[in-house]
Amino acid sequence: MTGCFSTLRPHMEDAVRLPIIIAGTVLAGAAQADTPTLTVYTYDSFVSDWGPGPQITEAFEAECDCRLDLRGVGDGAALLAQLRLEGERTDADLVLGLDTNLMARARETGLLTGHGLEPPDFDMPIAWDDSVFLPYDWGYFAFVHDRETMPEPPESFRELIASELDIVIQDPRSSTPGLGLLMWVEAAHGEDAPEIWAGLADRVITVTSGWSEAYGLFTDGEADMVLSYTTSPAYHMIAEDDDSVAAAPFAEGHYMQIEVAAMLAGTDQPELARDFLDFMLSDTFQSVIPTTNWMYPARRPADGLPEAFDRLIEPERALHFDPQEADARRDPALDAWLEALSR
Amino acid sequence: MARSAQPLGLWAGAAAAALLVCVVFGSLAAVAWRAEGAARFGPADWAALRFTLTQASLSALFSVALAVPVARALARRRFTGRGVLITLLGAPFILPTIVAVLGLLAVFGRSGILSAALGWAGLEPVRIYGLHGVVLAHVFFNLPLATRLLLQGWLAVPAERFRLAAAFGFGPRDVFRHIEWPMLREVVPGAVLVVFLICLTSFAVALTLGGGPRATTVELAIYQAFRFDFDLARAALLALVQFGLCALAALVVYRVAAPAAMGGGLDRPVERHDLQGRGLALLDGGLIGLAALFLLTPLAMIVMNGVPGLAGLPGTVWLAAGRSLLVALAATGLVIAMALGLALAVVGFERAGRRGAGAALEVLGMVALAASPLVIGTGLFILIFPIADPSALALAVTALVNAVMALPFALRALLPALRGVEADHGRLADSLGIGGRARLRLVLLPRLRHPLGFSAGLAAALSMGDLGVIVLFAGGDAATLPLQLYRLMGAYRMGDAAGAALLLLALSLALFWAFDRGGRRDARG
């Protein structure tokens, strides 16, 4: 709190006084009861009215005798940036929504602590054993297309390159699925990845900053395929009764995204945080995931998955880097991506 | 002599300037302070800088070059629905980028109506992605603003000048040479600067329509520094580069722009006697029609796509719309207070013969245009976090940042008008001893209704459509309409999102319309 900050502060307080007064009236409405509050930082789409947030909050508050404060910040990468920005003074007790590509960096911050729980058996294609992070859902990246206009989609990256199709992808610098595609090509083609990207460059009609923009372009007919998830068609089947949207199975296998949660070392509610992680792996939480987050739950609920999930493609090979390797490959892979697509 | 207008202007100006410095530079300083280690400016950054400059320059030149004939046609023609058309033409500027981009692509995209028409004629579809796409999108966004800024210039020409021109029997060519050209030399550089600065911080539009990472702008590099690398030093350095570009551009413009030399007038409505020719009317009609076609077709697509989803929008979206309205109104009040204060101070300095101080303050008022929203948001977060709960302040900070971001436009609209009023009526007011508050109430405000209404409308509409800093402040349950729109898209609900986009478009336009009309209630034309 010294140096140039102290010279800033007097001005600063003038600047925030008005907002504080406004906020004061807002806050006055909030109950200040003695019930403990568990603050969970997550990505924005988790807390939205259409995400898992509302149901999760209701269910957890019904059994915890506490208040669950879910706060949404951008996407997974923004979430990590937020934690690093706030540092040890963060209000967060838990963070939920990082993925395996971000885990190594999140661990390095030293802000997280071990969950201390006995990990249960997960229903995931890979084994999970980590003392800090617990997964709550997962999915495979895939190129999604319209079955009716494209009955025979490409079956590999090379077939995609050889096709005349227009695809839209996300920028790995600003989007987690974009980074996921980077890892997919790395995992599937290793040393040939730059060559694959050089080939794909002609297929990529454009690159968007986030998933929503890309999916919107695809929905509007601007591209033949969009990078999304194998579970995306489930949304259209369940919510729109439309089974024309399909994911194309690739022979190389599909890269996995595993979304995880972890406890903050500085939490003042360690018991409650552990309760939440326990709850996160329960049937109640896990059965909310498929039709709100449109991903596979980390543990299959006793009632199984919605019927539409049985009609999704099941990749023959699950591709995955452990967090260290994903982190080590990230920067060189980005350089290769930039070089290929900047031409 | 100038003393009379000063105390009021200086105090308000100082307060506005302090707030501005705090938000724009305080946030940058906070990011730099929080950074560890030094930043380097690599080859990729140079490439981003080059692309940013290229696209922003081209976008600014095209936007303003096209705006000149359109504004001229609108300035010299009166027809039913002219006011509505002018308001509607402003719509692209206030739309959230994602909505505008999807609307634009519905016309110019691969499966857009233009490609469909070309296909019908047996031609290849258009390929929009590339530098030309970026420039097209930026012209779509900024042509309306440039047109409005130039239109203000035309409206500021005293009616007596046109009467005199008529008395001399001037044709359109003479009017252009003796009246319009000097006015344009005064107004165009400022308009070019504004559009250039807006395009400077473009990121999602540039990336999406640029077709990939070759369209990386400095703002995207800042985004990457935050999100991908968490390299705050680099983010701060890049933000500083953006300010440098802003200062440089401002300097160039002040060199080029001619000082105001229009002279006094008697506030009477303009009547043009030099425009009797039928060919000229056809030309003007054609120009207005083309601009309307270019700007309104994408809007029509947004409306068409949005109508089916509008009725079924969930209650939370309407609630968010109400919240956004409040934020917009708060931001508008703040913008008007700040812009008026700054403008009074600038003109006060100029009248006191301190042109340097006036110019510095004016540049300060423009600098927010070059500020990276991400840096402002993150910086404010760093500043607020130790003393208050940022998530509780999410809406208040959103309004504040929206106000700061809209200030340059308000100042741009107010300053020339205020200068004009002071030049025309200042001496008389001085001789009558009207100063301070009375001068503001009796002399200045009544004559600033136009630009004030325009500024308020623009600020309200911009604030309404801005996703802004709210995403950084984790204001989970206090979502604004743009945030709800993004959330709908993020939840695959593209139909509902299109409905929300239409709602946003309608509300923004209604706000703009209400303020802008309010500002010209008793003005003819």
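## A buried serine in chain B

S59(B) is found in helix α2 of chain B, which spans residues 43-76. The model is predicted. Is S59(B) buried or exposed? S59(B) has 29 C-beta neighbours inside 10 Å, so it counts as buried; the cut-off for that class is 20 or more.

Which residues does S59(B) touch, apart from its neighbours within four places in sequence? The contacts are V135(B), H138(B), V139(B), N142(B), V195(B) and C199(B). L164(B) is another matter. It is 105 residues from S59(B) along the chain, and the two C-alpha atoms are separated by 37 Å.

## Two crossing helices in chain B

Two packed helices are described by the angle between their axes and the distance between the axes. Take helix α5 (residues 97-108) and helix α13 (residues 278-310) of chain B. Their axes come within 8 Å. The crossing angle is roughly 105°. α5(B) and α13(B) are therefore roughly perpendicular to each other, since angles of 65 to 115 degrees fall in that class.

From α5(B), the contact uses V99(B), G103(B), L104(B), A106(B) and V107(B). From α13(B) come T297(B), P298(B), L299(B), M301(B) and I302(B). Sorted by class, this contact has 8 nonpolar residues, 2 polar ones and no charged ones.

## The two domains of chain B

The domains touch: 40 residues of domain 1 of chain B are in contact with 36 residues of domain 2 of chain B. On the domain 1 side, the elements giving two or more residues are α1 (6-34), α15 (355-367), α16 (373-384), α17 (394-431), α19 (449-465), α20 (481-490) and α21 (494-518) of chain B. Which of them gives the most? α17(B) does, with 9 residues. The residues on this side of domain 1 divide into 28 nonpolar, 6 polar and 6 charged.

## Where chain A meets chain B

Between the chains, 57 residues of chain A are in contact with 56 residues of chain B. Several elements of chain A each supply at least two residues to its side: α1 (4-28), α2 (44-47), β2 (67-72), α4 (76-86), β7 (204-208), α9 (211-219) and α13 (323-341). α1(A) gives the most, with 14 residues. By class, the chain A side has 29 nonpolar, 16 polar and 12 charged residues.

## An enclosed strand in chain A

Strand β1 of chain A runs over residues 37-42. Why is it described as largely enclosed by the rest of the structure? Because 5 of its 6 residues are buried.

β1(A) has β2(A) as a parallel partner, over 6 bridges. In that pairing, T42(A) has G72(A) as its bridge partner. β1(A) also runs parallel to strand β3 (residues 94-99) of chain A, joined by 3 bridges. Here V40(A) stands opposite L94(A).

## Helix α5 of chain A

Helix α5 of chain A covers residues 100-108. Its buried residues are T100(A), N101(A), L102(A), M103(A) and A106(A). They pack against α4, β3, β4 (112-113), α7 (176-189), β10 (254-264) and α13 of chain A. Just after α5(A) comes G110(A), with a positive phi of about 75°.

Terms used. Residues are numbered from 1 along each chain as its sequence is written. Chains are lettered from A and ligands numbered from 1 in the order in which they are written. This is a predicted model: local features need pLDDT of at least 70, side-chain atom pairs count only at pLDDT 80 or more; totals for chains, interfaces and linings use all residues. Two residues are in contact if their C-beta atoms, placed from the backbone, lie within 7 Å. Helices (H or I, at least four residues) and strands (E, at least two) are DSSP runs, numbered from the N terminus. Ala, Val, Leu, Ile, Met, Phe, Trp, Tyr, Cys and Pro count as nonpolar, Asp, Glu, Lys and Arg as charged, and the others, Gly among them, as polar. A residue is buried if 20 or more other C-beta atoms lie within 10 Å of its own, exposed if 12 or fewer, and partly exposed in between; C-beta atoms are placed from the backbone. Two strands pair if DSSP finds at least two bridges between them. Axes are lines fitted to C-alpha atoms, for helices over the stretch in contact, and angles run from 0 to 180 degrees between N-to-C directions. Angles under 35 degrees count as roughly parallel, over 145 as roughly antiparallel, 65 to 115 as roughly perpendicular and the rest as oblique.
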